[in-house]
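Q: I would like to learn how to read a few local features in a model. Please take them one at a time.

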Amino acid sequence: AIPQRFSSVITPPLKLWNIDSVDNRGIVWPVTKPAATANGKQYGNAVSYDLAIRQAIDVAIDRNLLVDGVLNGYGRPAHSIADGMPWGPNKQTHLDSADLEKAQSILKNAGWVDSNGNGIVDKNGQEATLTLLYKAGDSAREQLSIVAAQMVKPLGINIELLAGGWDFIAAKMHENPVLMGFGSHSAKEVRFVYHSDFAGVDFFNAGFYKNAVVDHALDQAAKAGSWEKSLPFWQQAQAQVAVDQPWTWLVNLDHLYASSECLDLGKPVPEPHGHGWPLTANITQWTWQCQ
């Protein structure tokens, strides 16, 4: 498996395999005001709890540019955790091109203005400055974080970047946004990421998102009498999620592999988050072409 930035250097006797995936990258936001849990653990963020901030960022992000510039074209814009899956949103409601004017209007109408002329909007004495965490050593996450921060800078939203290992991120992710990845062959992941039962549990609902409409729809999906009957409930939940925007989804990655030119991988299945073993799902189709 290779990162997108190495795709252009794969030359004979190696061949580049480009495989579809449901592997996405996005920013999970703390969506509550700063507070503390019963055991004193801090969560929430004074900036990102404001829906207008999250809405403006979502509108301002140029996802096509992220795909072309960061992923070398090997990916597609993302707007949900399950784009293209049967349980994903049943219609596309976003534009893939950035709309800075609309984003600026959202902020202004919500009371976010640059009152002191320092280039950062503020509201009630709170400046729109955030620290975005990402996994150190991951080139795609690093570049997505850097470029996304630059895209929202014209809005007067200041995003500072901080890299670290997962233990470091885990200690800070309930108070700060994180560049994360998800994507699964199971609809259960939607429940893990958005249901309030999983708020603060492992890396799932890191932003402490909670909406009764979403919880009810996800519960109904889990109780549905059949797979087909569950689908409308998964979609209903995600329709409300799209309104609340606890995440800003950025891109869906293509999975890239370098192999011998002699090896034909057949027709690989779309892969979930993470490389490796899923590649062998169709191993019975693999053939050696060289004599």
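**Disulfide, backbone and core**

A: With -90 degrees about the S-S bond, the cysteine 262 and cysteine 290 link is left-handed. This is a predicted model, in which local features need pLDDT of at least 70, side-chain atom pairs count only at pLDDT 80 or more, and totals for chains, interfaces and linings use all residues. Residues are numbered from 1 along each chain as its sequence is written, and side-chain values use heavy atoms, with hydrogens and water left out.

Q: How many disulfides does a search of the whole structure find?

A: A disulfide is a covalent bond between the sulfur atoms of two cysteines. Here the term is applied to a pair of cysteine sulfur atoms within 2.5 Å. The search of the whole structure gives 1 disulfide. Cysteine 262 and cysteine 290 form it, with an S to S distance of 1.8 Å.

Q: Where in the chain are cysteine 262 and cysteine 290?

A: The pair links distant parts of the chain, 28 residues apart: cysteine 262 is in the loop between strand S12 (255-260) and strand S13 (263-264), and cysteine 290 is in the segment after strand S14 (287-288). Helices (H or I, at least four residues) and strands (E, at least two) are DSSP runs, numbered from the N terminus. Cysteine 262 is buried at 14% relative accessible area, while cysteine 290 is partly exposed at 33%. Buried means under 20%, exposed over 50%, and partly exposed in between (1.4 Å probe, protein chains only).

Q: Which peptide bond is cis, and what is its omega?

A: Most residues other than glycine have a negative phi, and most peptide bonds are trans. In this model a cis peptide bond joins proline 12 and proline 13, with omega about 10 degrees. Proline 13 belongs to the segment before strand S1 (14-19).

Q: Is phenylalanine 208, with its positive phi, buried or exposed?

A: Phenylalanine 208 has a phi of about 60 degrees and is buried, with a relative accessible area of 17%. The loop between helix H6 (188-194) and helix H7 (212-223) holds phenylalanine 208. Asparagine 124 also has a positive phi, near 55 degrees, but asparagine 124 is exposed at 78%.

Q: Which residues have the most contacts inside the largest nonpolar core?

A: A nonpolar core is a set of buried Ala, Val, Leu, Ile, Met, Phe, Trp, Tyr and Cys residues joined through side-chain atoms within 4.5 Å. The largest has 66 residues, and Ile53, Ile157 and Tyr194 have the most contacts inside it. Helix H1 (residues 51-60) gives the largest share of this core, 6 residues.
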